[in-house]
Amino acid sequence: MAMLEIDNLHAKIDGEHGKEILKGLSLKVNPGEVHAIMGPNGSGKSTLSYILAGKEDYEVTDGSVTLDGEDLLEMEIDERAAKGVFLAFQYPVEVPGVATMTFLRSALNAQRKKRGEEEISTPDFLRLVKDKAGHLGISQDMLKRGVNVGFSGGEKKRAEILQMAILEPKLCILDETDSGLDIDALKIVSEGVNALRSPDRAMIVITHYQRLLNHIVPDFVHVMHKGRIVRSGGKELALELEANGYAEYQQDAA
Amino acid sequence: MPAVQETVDQVRSIDVDQYKYGFFTEIESEKAPKGLSEDTVRFISAKKEEPEWMLEWRLEAFRRWQTMREPDWARVSYPPIAYQELYYYSAPKRKEGPKSIDDIDPEILATYEKLGIPLRERDALLGIESGGAKVAVDAVFDSVSVATTFKEELAKAGVIFMPISEAIREYPELVRKYLGSVVPVTDNFFATLNSAVFSDGSFVYVPKGVRCPMELSTYFRINERNTGQFERTLIIADEGAYVSYLEGCTAPMRDENQLHAAVVELVALADAEIKYSTVQNWYPGDKDGKGGIFNFVTKRGDCRGDRSKISWTQVETGSAITWKYPSCILRGDNSQGEFYSIAISNGRQQVDSGTKMIHLGKNTSSRIISKGIAAGHSDNTYRGLVSAHRKATGARNFTNCDSLLIGDKCGAHTVPYIESKNSSAQFEHEATTSKISDDQLFYCRQRGLDPEEATALIVNGFVKDVLQQLPMEFAVEAQKLIAVSLEGSVG
């Protein structure tokens, strides 16, 4: 059994006349694997990431999702987080007045508590943050500022990766992590992500462009279109898409 | 953040009812006859063994009060208060006043212990050994002060800290000189009522050049049914003196409303500084708006001397109705006034609170930071006045009013008045209104926080600037209170 199994997933925007966005999506992800999901705007990539994380604006109408054999869709948002699902947001949200440091510690301890583990001690926590923040070029000053408040686009994305590094999730979902990054920031972020690759951790990297995949090299590439995966392949598929664009899929659809 | 976790745990441990101070202490009490008349005023004055001038002062206030109308400009609505149905004096029954803490009824001591206020100095001292700061407490139970701790130690420094009823007898010149000098007898309906019937409260005098060696604190408790509490606090910091004063309030849960109409006067002479902090946690009523305290309070500080400073910090979480505008009169040149406020309303609570900064002296400055948080079906209004007199050249004010809405059934309102009679005054006003967004909640929950933890974290972030102004122990208590007050506001 795979770590994550998505089977024939159908989902629509919540509400009576909500539009159907996912139309029978299936995907299996094993520990240690990195899957890239590519596709044109509006194909449902971000919706997939929100549904996996449990955002309440969508309704699953058919299909199933399991994480290590457990029904993921039955779990609360924070329960999923404690089970190891992490979403790096395309647009990280600001939480004014709450220092990044405080936020990280609250989140880590909340997850630990849910898993029946001890809270982390202050010295251990400080050491952990110092170590991880250093690699991502995150200053002490940034850690004292309110979560994402006044951060540049690049700082926000680096802060997301820092959270990921501290929380050590089992399944990382990166939603358009490359958007708004210049080439230097892209490099730092990618290195941060690569450092987290491990045999027992899986990643789903959602992106519109191939350039991110030069830095985070995937094991599998999937093309998503109109709410389904229409083609899967190895990393060379990304290069093909880069050369030919998504036109082929869009014509199919027309 | 352990405090957030602690608050959440505390919220969880509380049953359906969120208000944990709602118990009633069974104790025999002695009351004045019901209703208000000259006789009531005479009764109270006689009980307190007051000098003739004090009685006259009260009677004048009472006569004046009879000609006044209850104000109705605040954004609050409530049924008419039946002033003749209230008791204006209630005291725990005993033959003589307590001479030492050992004379206090054990029931009352137990009450304060339940509230987390150790009155026995011994216990308080133990608190120090465990790392807490030393705090002298004056405890007011219904209409009388039942205990004041650390009196002797304070006396060594020359600081007078005692029930105002005692001060009237022991330091009549001081009281007479300052009482009513900041909030005149005729000031407003509720202040005038208070002047007629106030029964106790705290009196503080810090002599010239003395820095008060510990935090002073008064703890107000309304216990008796149908009883109004009218306390009167007078704090004087003589030239160059410094004092930090804390006030806390709770009441039992009752179906009927109870009236609380206090007056607080602060006087800061040249180079003196007074810091006044309040954590107001009166019973707010149940979720349908039944019961709760009507809190009509007049608080005002007079920066009478040059370079003096008065700072108000308040955390308002309780009361069915809050009508309260702690203000500063910036009379001395270069004097400073500050107002830091967190006002939280939930259920059917109504808050109309803010401040007045009256700039009279040259180069006076004031700062207002107000954070209003409305949840449930509550209404939360900031009402403020910043004014500069013709002679107040170089006056400066900075105001920041932020409102946070939780849910879509509550209201936040900001009513700032700014008046400047001279062209050199600089007044700045910033205001924002925001909601805890679904995106913020989703983000926090995706990182592992449950809805209550997430809300507590976001709100604590919102009020951070004000919490920082509170003394440490109070800040922790306030943080807990915030979470408790917002219980049930999510989802």
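In the largest nonpolar core, which has 198 residues, the members that touch the most other members are I173(A), V204(B), A237(B) and V243(B). The model is a predicted one.

**Core**
- A237(B), one of the core residues that touch the most other members, has contacts beyond its neighbours within four places in sequence.
- These contacts of A237(B) are V206(B), Y242(B), V243(B), A268(B), L269(B), A272(B), E273(B) and I274(B).

**Sheet of chain A**
- Six strands of chain A form an open sheet in the order 6-9-10-3-11-12, and the pairing is mixed.
- Strand 6 (85–88) and strand 12 (228–233) of chain A each have a single partner strand, so these two stand at the edges and one side of each has no neighbour in the sheet.
- On average, neighbouring strands of this sheet are turned by 20 degrees against each other, with direction ignored.
- Strand 9 (residues 171–175) and strand 10 (residues 202–207) of chain A run parallel and are joined by 5 bridges.
- Within this pair, L174(A) stands opposite V205(A) of strand 10.
- Helix 6 (residues 153–167) of chain A packs on the sheet and touches strand 6 and strand 9 of chain A.
- The direction of helix 6 makes about 165 degrees with that of strand 6 of chain A.

**Helix 3 of chain A**
- Helix 3 (residues 100–114) of chain A has 15 residues and reaches 21 Å from its first C-alpha to its last, close to the 21 Å expected at 1.5 Å a residue.
- Of its 15 residues, 11 are buried, so helix 3 of chain A is largely enclosed by the rest of the structure.
- The buried residues of helix 3 include T100(A), T102(A), F103(A), R105(A), N109(A) and Q111(A).
- L104(A), A107(A), L108(A) and A110(A) are also among the buried residues of this helix.
- G116(A) follows helix 3 of chain A and has a positive phi, near 75 degrees.

**Contact between chains A and B**
- Contacts link 24 residues of chain A with 19 residues of chain B.
- On the side of chain A that touches chain B, at least two residues each come from helix 2 (77–82), strand 7 (95–99), helix 3 and helix 6 of chain A.
- Helix 3 of chain A gives the most to that side, with 8 residues.
- By class, the side of chain A that touches chain B has 13 nonpolar, 7 polar and 4 charged residues.

Terms used: Residues numbered from 1 in each chain as written. Chains lettered and ligands numbered in written order. Predicted model: local features only at pLDDT ≥ 70, side-chain atom pairs only at ≥ 80, totals over all residues. Pairing = 2+ DSSP bridges. Helix = DSSP H or I, 4+ residues; strand = E, 2+ residues; numbered from the N terminus. Axes fitted to C-alpha atoms, helices over the stretch in contact; angles between N-to-C directions. Contact = placed C-beta atoms within 7 Å. Expected span 1.5 Å × (residues − 1). Buried ≥ 20, exposed ≤ 12 C-beta atoms within 10 Å, placed from the backbone. Core = buried A, V, L, I, M, F, W, Y, C linked by C-beta atoms within 7 Å. Nonpolar A, V, L, I, M, F, W, Y, C, P; charged D, E, K, R; others polar.
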